[in-house]
Amino acid sequence: QVQLAESGGGLVQAGGSLRLSCAASGRIFSTDVMGWYRQVSGKQRELVAGITSTGITTYADSVKGRFTISRDNAKNTLYLQMNSLKPEDTAVYYCRAVRTGWDKTLSYYWGQGTQVTVSS
């Protein structure tokens, strides 16, 4: 079983920065594909950024050049550095882990979310 706990959200003015953290507990973290998602009330959850076990990253077009995803496998922690924040970045941000089992089945784990609010 994997447990994920996000932190680092809060209220920031437009143009400011925040760094989100996602601490993972449980079994192996280093081989998991990790990602940050966000959700605005009434809308679907969307991918913000993802990172593979080998460090390959992907970003939503809306955050490219402003957000950076990274991971520290030694600390079992995922990060999202968010710069030049805009009001439209306001959302609840979730951490997700995807684990591949010995039989190639995929298991998905989510954190509880952290609120990010960007004021104009």
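Let's start with Asn76, which is partly exposed at 23% relative accessibility; buried would be under 20% relative accessible area, exposed over 50%, and partly exposed is in between, using a 1.4 Å probe and protein chains only. Asn76 sits in the loop between β7 (67-72) and β8 (77-82). Strands here are DSSP runs of E with at least two residues, numbered from the N terminus.

Quick word on the model: it's predicted, so local features need pLDDT of at least 70 and side-chain atom pairs count only at pLDDT 80 or more, while totals for chains, interfaces and linings use all residues. Residues are numbered from 1 along each chain as its sequence is written, and side-chain values use heavy atoms, with hydrogens and water left out.

Now, the backbone. Most residues other than glycine have a negative phi. Asn76, though, has a positive phi, near 50°. Ser84 isn't a glycine either, and its phi is positive too, about 50°. You'll find Ser84 in the loop between β8 and β9 (91-100), partly exposed with a relative accessible area of 38%.

On to the sheet. What is the order of the four strands in the open sheet? It goes β1-β3-β8-β7, with antiparallel pairing; two strands pair if DSSP finds at least two bridges between them. β1 (2-7) and β7 each have a single partner strand, so they stand at the edges, with one side of each left without a neighbour in the sheet.

Last stop: β1 and β3 (residues 18-26) run antiparallel and are joined by six bridges. In that pair, Ser7 stands opposite Ser21 of β3.
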